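Hi,

Here is the structure I promised to pass on.

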Amino acid sequence: MITFIPLYAFTRKVPVYESFVEGAKDGFGTAIAIIPHLVGMLVAISVFRASGALDFMMGFIAPALKGIGVPPEVLPLGLLRPLTGTGSLAYTTDLISVHGPDSLIGMIASTIQGSTDTTLYVLTVYFGAVGIRNGRYALKVGLFSDIVGFVASIAVCLLAFS
């Protein structure tokens, strides 16, 4: 693809370099346009974590998870993953370094990381870039798919590895 597209454009007498530069200019404008959306999302995530709201939620849900055999250590990953890719990756790395990559917690964390997406980040970036104001249906579907991916990751790992 990397060689085919420029060669094809060249054979069609398309000014390849000039077209690339023009596209890069448009990309720069898009990047500038989404910065306020990204800053707002990152501030909200930081406030959520720093305020202790995440720890507060963990205190209520952890006993129920233990009751059904789910390690409560993976719950923050399920909450962080739709919000931030970097934060969830850092948390996954921490879980793996503490519990080991071959532990049930490490396998569940890795599976969650690969089976869910950073829904709020994706919606912020893509919708902010093209100016979509009403993304409530996309948000509902995205968060629902994250929940399904989280539950399925835990179920598959419990069935396969415990």
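First, the ground rules. This is a predicted model, where local features need pLDDT of at least 70 and side-chain atom pairs count only at pLDDT 80 or more, while totals for chains, interfaces and linings use all residues. Residues are numbered from 1 along each chain as its sequence is written, and side-chain values use heavy atoms, with hydrogens and water left out.

On confidence: pLDDT is the predictor's confidence in each residue, from 0 to 100. The chain has a mean pLDDT of 86, with 99% of its residues at 70 or more. Among the elements, α6 has the highest mean (94) and α2 the lowest (78). Where pLDDT is low, the predicted coordinates should not be read in detail.

A few terms before we go in. Helices are DSSP runs (H or I, at least four residues), numbered from the N terminus, and strands are runs of E with at least two. Buried means under 20% relative accessible area, exposed means over 50%, and partly exposed is in between (1.4 Å probe, protein chains only). Contact means heavy atoms within 4.5 Å.

Now the core. A nonpolar core is a set of buried Ala, Val, Leu, Ile, Met, Phe, Trp, Tyr and Cys residues joined through side-chain atoms within 4.5 Å. The largest one here has 17 residues, and Val-74, Ile-108, Ile-112 and Ile-154 have the most contacts inside it. Two or more residues each come from α3 (53-67), α4, α5, α6 and α8, and α6 gives the most, with five.

Next, α6 itself. Its 12 residues reach 16 Å from the first C-alpha to the last, close to the 16 Å expected at 1.5 Å a residue (the expected span is 1.5 Å times one less than the number of residues). Its buried residues are Ile-105, Gly-106, Met-107, Ile-108, Ala-109, Ile-112 and Gln-113, and they pack against α4, α5 and α8. Met-107 touches Pro-101, Asp-102, Cys-157 and Phe-161, again not counting residues up to four places away. Gln-113 turns up in the contacts of Ser-88, along with Leu-77, Leu-80 and Arg-81, once neighbours within four places are set aside. Ser-88 lies in α5 and counts as buried because its relative accessibility is 0%.

Then α8 (residues 136-161), which is where Ser-153 sits. The 26 residues of α8 should span 38 Å at 1.5 Å a residue, and its end C-alpha atoms are 37 Å apart, so the two agree. Gly-142, Asp-146, Gly-149, Phe-150, Ser-153, Ile-154 and Cys-157 are its buried residues, and what covers them includes α4 (75-80), α6 and α7 (119-130). Ser-153 is buried because its relative accessible area is 2%. Beyond its neighbours within four places, Ser-153 is in contact with Thr-111, Ile-112 and Ser-115. Its side chain also reaches the backbone oxygen of Thr-111 at 3.5 Å.

What does UniProt list as "transmembrane region"? The unreviewed entry gives residues 28-48 and 141-161; such annotations may be inferred rather than shown by experiment, and the positions follow the numbering used here, with feature names shortened. In the model, residues 141-161 are 100% helix and 0% strand, with end C-alpha atoms 29 Å apart.

Ser-46 is in α2 (residues 16-50) and counts as partly exposed, because its relative accessibility is 45%. Its C-alpha is 9.9 Å from that of Gly-87, 41 residues apart along the chain. Lys-13 is in the loop between α1 (4-11) and α2. Lys-13 has a positive phi of about 65° although it is not a glycine, and it counts as exposed at 74% relative accessibility. Gly-100 is in the loop between α5 (85-99) and α6 (104-115), and is buried at 17%. Setting aside residues up to four places away, Gly-100 touches Leu-95 and Gly-106.

Cheers

Methods. A polar contact is a pair of N or O atoms within 3.5 Å; within protein, one must be able to donate a hydrogen and the other to accept it, and residues adjacent in sequence count only if both atoms are side-chain atoms.
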